[in-house]
Amino acid sequence: MSPPAAITLAYGVVWAAILLYLWRLRRRLRQVEADVRAQHTQTRSGEVFIER
Amino acid sequence: MRLFLPLLGGAAVILLAAGLYAGLFASPPDAFQGNYVRIMYVHVPSAWVAYLAVFTVFVASILYLWKRRAVYDHVAHSAAELGVLFTALALAGGMIWGKPVWGTWWTWDARLVTTAILFLIYTGYLLVRALAEDPERGARLAAVIGIVGALDIPVIHYSVVWFRTLHPPASIVRGDIKMAPPMLAALMINLLAFTVFYAYLLILRVRLERLETMRAALEAEAEG
């Protein structure tokens, strides 16, 4: 494997994994925040939980 | 907190960009490894963050077993997930470096094997949590695994001293630096960047954990 190929592969794998993880984390956060807000409208007690 | 997290994220982005520039362009090629040394600028910080994450699990798990406060369990669980991710990345980076430099993707070398064991221990930690029928019991069992699993870190670190190994020894040992200054600078920038990014990811992941717990409580409240 030539140096450019190895470097591209290493940086590509690391950065793809990190960005995919971050994207999934943010998507799950948005989903759970929306769920807690929706629950709050039913129970009127969830407000404190989504305070940042 | 409202301002701190975006600031931390912004700092991570700037440092990671600087790290990419330093690792890919500013650092000179190594006398022996040539340009393959650039892989070290993502491999070593990944391994460092894996160490940090496991240390976080270790401390948070002890605190959880002692105080039984949910926040410590949230921190331990979140850090374990990041530990698995960054251990996998350290292994992947090392394998990609090993293929051209050692001529093989994998060898049963002490450093590689003990790192793979760390990956398996914390994957087991996540499995125990995911499969536990009683979440509290799962959290307690996972905390024990998290504490015992952390004992692998000194073994990994000193494996290059204790065993005959292919893996290069540490380049920085108690002030004795065996690296050219531009290479050291590139490594330090990347270590700092990955550390700040780890802190950012950990805070986001703990928030997710907390909100998921709250959602479950609210759902139970709404049903009951």
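Let's start at the interface: 24 residues of chain A meet 29 residues of chain B. Contact here means C-beta atoms, placed from the backbone, within 7 Å. On the chain A side, facing chain B, we have 16 nonpolar, 4 polar and 4 charged residues. Nonpolar covers Ala, Val, Leu, Ile, Met, Phe, Trp, Tyr, Cys and Pro; charged is Asp, Glu, Lys and Arg; the others, Gly among them, are polar.

A word on the source. This is a predicted model, where local features need pLDDT of at least 70 and side-chain atom pairs pLDDT 80 or more, while totals for chains, interfaces and linings use all residues. Residues count from 1 along each chain as its sequence is written, and chains are lettered from A, ligands numbered from 1, in the order written.

Now the chains. Chain A has 1 helix and 0 strands. Chain B has 7 helices and 2 strands. Its order from the N terminus is α-α-α-α-α-α-β-β-α. These are DSSP runs, numbered from the N terminus: helices are H or I with at least four residues, strands E with at least two. The C-alpha atoms of chain B fill a box of roughly 70 × 40 × 30 Å along the principal axes.

Burial next. In chain B, 39% of 224 residues are buried. In chain A, the figure is 15% of 52. Buried is 20 or more other C-beta atoms within 10 Å of the residue's own, exposed is 12 or fewer, and partly exposed is in between.

On to helix packing. Which way do α3(B) and α4(B) run relative to each other? Helix α3 spans residues 70–102 of chain B and α4 spans 110–131; their axes come within 9 Å and cross at roughly 150°. They are therefore roughly antiparallel. Axes are lines fitted to C-alpha atoms, for helices over the stretch in contact, with angles from 0 to 180 degrees between N-to-C directions. Under 35 degrees is roughly parallel, over 145 roughly antiparallel, 65 to 115 roughly perpendicular, and the rest oblique. The crossing is left-handed: the near helix is turned anticlockwise from the far one by less than a right angle, and clockwise would be right-handed. The contact residues include Val84(B) and Leu91(B) of α3(B), with Phe119(B) and Tyr122(B) of α4(B). By class, this contact has 12 nonpolar, 6 polar and 2 charged residues.

Compare α7(B). Its axis and that of α3(B) come within 9 Å and cross at roughly 125°. That makes the pair oblique. The crossing is right-handed. Among the contact residues are His74(B) and Glu81(B) of α3(B), and Arg205(B) and Glu209(B) of α7(B). This contact divides into 8 nonpolar, 4 polar and 4 charged.

Now the core. A nonpolar core is a set of buried Ala, Val, Leu, Ile, Met, Phe, Trp, Tyr and Cys residues joined through C-beta atoms within 7 Å. The largest has 57 residues, with Ile39(B), Ala53(B), Val57(B) and Ala76(B) making the most contacts inside it. Helices supplying at least two residues each include α1 of chain A and α7 of chain B. Which helix gives the largest share? That is α3(B), with 15 residues. Ala76(B) touches Val57(B), Ala60(B) and Tyr64(B), among others, leaving out residues up to four places away in sequence.

Last, Leu89(B). This residue sits in α3 of chain B. With 25 C-beta neighbours inside 10 Å, Leu89(B) counts as buried. Under that sequence cut-off of four places, Leu89(B) touches Val14(A), Ala17(A) and Ser46(B).

Terms used:
Contact = placed C-beta atoms within 7 Å.
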